Amino acid sequence: MKKYVYAIGDIHGEYELFKKLLAYFDSTQHQLVLIGDLNDRGKRSKECLLLGKNLAEEFGAIYLRGNHEEYLLQFLTYPEDWFSSYLHNGGKETIESLLHTGACEEYSPTEIALMIRSRYRDLIDFLTKRPLYYEWEDYLFVHAGVDLAKKDWHDTASADFIWIREPFHKGKNRTGKKIVFGHTITPMLHGDMTTTDLWLSDNKIGIDGGGVFGGSIHGVIFDKNGIRQDIEYQNLHGPWQPEF
């Protein structure tokens with residue numbers, strides 16, 4: 001077991017910011033944890049997904065499944081049903097990153113899914129196998145949260161690990177774990193839609209600063225006693241502007 005965990009929040013295709021955070025990663029000391037949502041909205045989703053895969057395979061990084069990895073997989077499985085919803089949640093950028101600009105207008109949803117599955121078989125197989133959570137010392141790392149109404153948080157429904165919001169944020173944490181999560185941006189958790197700092201409450205630590213929306217991206221180094229360092233980079237290029 002490594003002495004430290006280095007957890008990186010939701011990237012959403014912000015490849016350059018991702019690389020900046022990885023400059024602090026020391027594979028000899030850090031267990032790297034990617035909290036999920038490497039794709040969608042940001043223009044360089046392909047590079048982020050492939051880099052996440054490489055980090056898992058080369059350095060043993062824990063790459064958790066986020067709801068946007070789930071969105072991509074659902075679209076690839078049911079392209080005609082999920083196409084519109086996926087595009088409105090940032091999927092156009094991922095599709096065009098994996099294929100080419102204009103692919104969403106040029107091809108049908110089924111054709112797009114077939115091309116992606118054909119060209120990126122290893123990546124899709126990798127994404128289907130991503131874990132829902134990671135435990136280290138008395139920490140729990142998860143994309144969205146857990147069902148705090150359950151007697152045992154392990155019994156949380158699979159969908160809640162990647163989708164849950166208010167019931168987790170507002171529920172009482174009796175798990176005995178310090179729960180580190182992304183999914184809901186910290187400006188929303190702070191209640192002012194401005195503050196991109198980490199959100200700390202009831203042994204819950206929100207690390208998604210809303211980078212793709214014009215906020216920030218966090219990399220947080222933990223030891224068994226708490227947060228050792230919070231590395232934060234602001235997105236200076238402006239927020240995601242959807243093209244529907």
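N67 is buried, with a relative accessible area of 2% (buried means under 20%, exposed over 50% and partly exposed in between, using a 1.4 Å probe and protein chains only). This is a predicted model, where local features need pLDDT of at least 70, side-chain atom pairs count only at pLDDT 80 or more, and totals for chains, interfaces and linings use all residues. Residues are numbered from 1 along each chain as its sequence is written, and side-chain values use heavy atoms, leaving out hydrogens and water.

**Around N67**
- You will find N67 in helix 3, residues 67-77 (helices are DSSP runs of H or I with at least four residues, strands are E runs of at least two, and both are numbered from the N terminus).
- Beyond its neighbours within four places in sequence, N67 is in contact with D37, H143, I162, W163 and H183 (heavy atoms within 4.5 Å).

**The whole chain**
- The protein chain holds ten helices and ten strands.
- Of its 244 residues, 57% count as buried.
- Among contacts with a separation of 6 or more, 64% link residues 24 or more positions apart.
- Along the principal axes, the C-alpha atoms of the protein chain fill a box of roughly 50 × 40 × 35 Å.
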